[in-house]
2 protein chains.
Amino acid sequence: MKIKYYLKKKEKNTKARLGKIETNYGTYDTPMFMPVGTRATIKGLTPEQVKECGSGIVLANTYHLWLRPGEDIVKKAGGLHKFMNYDGPILTDSGGFQVFSLAKNKEKDITEDGVFFKSHIDGSNLFLTPEKSIEIQNKLDSDIAMSFDECPPASASYDYLKNSLERTLRWAKRGKDVHSNKNQALFGIVQGGPYKDLRKFSATETVKLDFDGYSIGGVANDGESKDDMYKAIDYSIPYLPEDKIRYLMGVGDPIDIIEGVIRGVDIFDCVLPTRIARHGQAFTRCGKINLNNSKFIEDFTPIEKSCDCYTCKHYTKGYIRHLITTKESLGGSLLSIHNIRFLIKLTEELRDAIKNDCILEYREKFIKEYSQKK
Amino acid sequence: MKIKYYLKKKEKNTKARLGKIETNYGTYDTPMFMPVGTRATIKGLTPEQVKECGSGIVLANTYHLWLRPGEDIVKKAGGLHKFMNYDGPILTDSGGFQVFSLAKNKEKDITEDGVFFKSHIDGSNLFLTPEKSIEIQNKLDSDIAMSFDECPPASASYDYLKNSLERTLRWAKRGKDVHSNKNQALFGIVQGGPYKDLRKFSATETVKLDFDGYSIGGVANDGESKDDMYKAIDYSIPYLPEDKIRYLMGVGDPIDIIEGVIRGVDIFDCVLPTRIARHGQAFTRCGKINLNNSKFIEDFTPIEKSCDCYTCKHYTKGYIRHLITTKESLGGSLLSIHNIRFLIKLTEELRDAIKNDCILEYREKFIKEYSQKK
């Protein structure tokens, strides 16, 4: 069975919506935040620890798994769920973002057929096409596969973006034509930068191809402004069908999640909570804190007294600081648990706010507290 | 309450013994293997994961905690148990071994008063005395503290060892005189290298000082032979009281644990299971295996089918190899769980063998299987 989306309720004052998705690995509510497990592991955490954070779908990266261990190995292991021991739903990206962001020396040659580039591991020559991306994802056997798209930089011109999204549309069609995994949903991706007409065109044409869900891409590149991100969402959402999931790729800043939900987005993913954790940073209701700061040496209180995560129930800032400053990996793991739970808790509260038609009040209160200087 | 040892049974054919220790954090059976949490964390594992391996006492390193975060910080946190969130018993070493093995450039000046040396972190000048070691451990509030001893290298001469152990005896007395934590047991350490008369002298004189338990030291330095280790045990044990714990420091090779138990040792500690784990190695009944080996790429079976650890219940060699070769920290954590469980399971089986008076048969069978080439 492919995952199915059910719209449960629309918030009265905004485009925010409450939904439910049915998957082969359980039923989950949206809006939802998806932790990222780049190489088939959410860095430093067991799947049980990830689930204890309240996670539903997790994301794994097609590019990384294609290179190591290779999709055929994962297939022989019985697919990604068995390979990584995660019995919840898994979404794989297309590899496109990594090809454009990670390729060695950023050397790449984009042709109609696909993208030539060099491996970020050993510099070897690689070629990724829309068909190959889907074929890899079919073998990985994730629950949701993404169409292969070009992710142009924030600095790209209108003309470049126009040509690029037209090619991305042709790539989406090619990928859909070869998609053959009956248990795997396939999502299309809307591009078009911050331009209203390009987003409209991209969304409309992508929807015509009839995907199982739609993603808003091109919002998480380096150098993109918040304003461009909100425009990309606002200009895409009106053309997406109500009965399909809407996915904002690569976004995990708490305020961006709130703004995305208000604009009609259902699911989000980002490496942010785990990446900042490994550098000693924790989300709190009053903004991010850095546990490397010496003021936490003798702070024997949890990161947040009100937090219900494993880390806050058992550990103090002083101990976590000790782990981080002595480079003990448990420090990054404990902060990852807190940060993932923080974002998942945020989506739980957003769902409540949608139920109660008070999401604008929720946003105001959250931002006021979050923007405080500690 | 200080921990208490009860001798439950002696094995019929050897010096092996079954015991029970009562602590403020539960009652545990001996022989026992103690995982090492150098900086108040068993690397990459939560305390729950360590406990799930069947652990009782865990070890933390006084030297490391003295340097970072400092014993006063740990005391302010409410002691080591609260600091690291471990509600089982904790043993702290004296710092002596690290002073002699880790000190920067091995530069150190051993005087009657104590040892001058340079920090392995920043090269700063440090001075550790028997009194200071005990004072630090009192503040850390571990359940078992160790006397500060000199750990001479395997190459030391008879005369050097004799002078050294006499000073270690004076240091033991000085440490005992300042020991003031009523809930903390204090152990003496027997030195004397592989020499029968030195071990007898050291054991006899140390026992006269009346410690809560006794450790056999000087067996885990680089370059020490197995033969020297067995001699050190054989020449020390006869002079140690039956109603006190006997602790062989720094030993974690499976065969050494068996040989130690047969010679009358009760507790062991070693970084081996966690250190080799981070390098991709796993204990098995048929010897150690290295998961970096390419033959495991498509091996979708657990490390050991018969193993009851979390790792073997949920993960394959192929997946763990993927994690290890891509430097994902979960790989080292999963292997640490398996390796710790392997040694704890070994001690469980040794306890059964003592109950059934068949430890020699157990040793023969274990060694035969363990020494097979895979």
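**Figure 1. A:Ala40 sits in the loop between strand 4 and helix 1 (47-52) of chain A.** The model shown is predicted. Phi of A:Ala40 is near 65°, a positive value in a residue other than glycine. Most residues other than glycine have a negative phi. Is A:Ala40 buried or exposed? A:Ala40 counts as buried, because 29 C-beta neighbours lie inside 10 Å and the cut-off for a buried residue is 20 or more. The predictor's confidence in this chain is given by a mean pLDDT of 96 for chain A. In chain A, 99% of the residues reach 70 or more.

**Figure 2. Strand 4 of chain A runs parallel to strand 14 (residues 267-270) of chain A.** The two strands are joined by 4 bridges. Within this pair, A:Met34 stands opposite A:Asp269 of strand 14. Strand 4 covers residues 32-35 of chain A. Which residues of strand 4 point one way, and which the other? A:Met32 and A:Met34 point one way. A:Phe33 and A:Pro35 point the other way. All of them are buried.

**Figure 3. Helix 10 (residues 254-262) of chain A is largely enclosed by the rest of the structure.** The reason is burial: 8 of the 9 residues of helix 10 are buried, so the helix is largely enclosed. The buried residues are A:Pro254, A:Asp256, A:Ile257, A:Ile258, A:Glu259, A:Gly260, A:Val261 and A:Ile262. What covers the buried residues of helix 10? The cover includes strand 4, strand 13 (245-248) and strand 14 of chain A. It also includes helix 9 (226-236), helix 14 (329-355) and helix 15 (359-370) of chain A. After helix 10 comes A:Gly264, whose phi is positive, near 105°.

**Figure 4. Three strands of chain A form an open sheet in the order 7-8-9.** The pairing is antiparallel. Strand 7 (108-110) and strand 9 (125-128) of chain A are the edge strands, and each pairs on one side only. From one strand to the next, the twist averages 15°. Strand 7 and strand 8 (residues 115-118) of chain A pair over 3 bridges. A:Ile110 has A:Val115 of strand 8 as its bridge partner.

**Figure 5. Helix 14 of chain B lies across strand 1, strand 2 and strand 3 of chain B.** The helix runs at about 125° to strand 2 of chain B. The strands form an open sheet in the order 1-2-3, with antiparallel pairing. Its edge strands are strand 1 (4-10) and strand 3 (26-30) of chain B. Each edge strand pairs on one side only. Neighbouring strands of this sheet are turned by 20° against each other on average, direction ignored. How many bridges pair strand 2 (residues 17-23) with strand 3 of chain B? The antiparallel pairing runs over 5 bridges. One bridge is between B:Thr23 and its partner B:Gly26 in strand 3.

Figure 6. Most peptide bonds are trans. B:Pro31 is found in the loop between strand 3 and strand 4 (32-35) of chain B. Where does B:Pro69 lie? B:Pro69 is in the loop between helix 2 (62-67) and helix 3 of chain B.

**Figure 7. B:Lys327 is found in the loop between helix 13 and helix 14 of chain B.** B:Lys327 has a positive phi of about 60° although it is not a glycine. Is B:Lys327 buried or exposed? B:Lys327 counts as exposed, because 9 C-beta neighbours lie inside 10 Å and the cut-off for an exposed residue is 12 or fewer.

**Figure 8. Chain B meets chain A through 27 residues of chain B and 28 residues of chain A.** Elements giving two or more residues to the chain B side are helix 3 (71-76), helix 4 (80-84), helix 13 (317-325) and helix 14 (329-355) of chain B. The largest share, 5 residues, comes from helix 13 of chain B. The chain B side divides into 11 nonpolar, 10 polar and 6 charged residues. The predictor gives the complex an ipTM of 0.97 and a pTM of 0.98.

**Figure 9. A rotation of 180° superposes chain B on chain A.** The shift along the axis is 0.0 Å, and the RMSD is 0.0 Å. That is the relation of a two-fold axis. The same surface serves both copies, as 100% of the contact residues of chain B recur in chain A.

Key: Residues are numbered from 1 along each chain as its sequence is written. Chains are lettered from A and ligands numbered from 1 in the order in which they are written. This is a predicted model: local features need pLDDT of at least 70, side-chain atom pairs count only at pLDDT 80 or more; totals for chains, interfaces and linings use all residues. Two strands pair if DSSP finds at least two bridges between them. Copies are superposed by least squares on the C-alpha atoms of residues with pLDDT of at least 70 in both. Two residues are in contact if their C-beta atoms, placed from the backbone, lie within 7 Å. Ala, Val, Leu, Ile, Met, Phe, Trp, Tyr, Cys and Pro count as nonpolar, Asp, Glu, Lys and Arg as charged, and the others, Gly among them, as polar. Axes are lines fitted to C-alpha atoms, for helices over the stretch in contact, and angles run from 0 to 180 degrees between N-to-C directions. pLDDT is the predictor's confidence in each residue, from 0 to 100.
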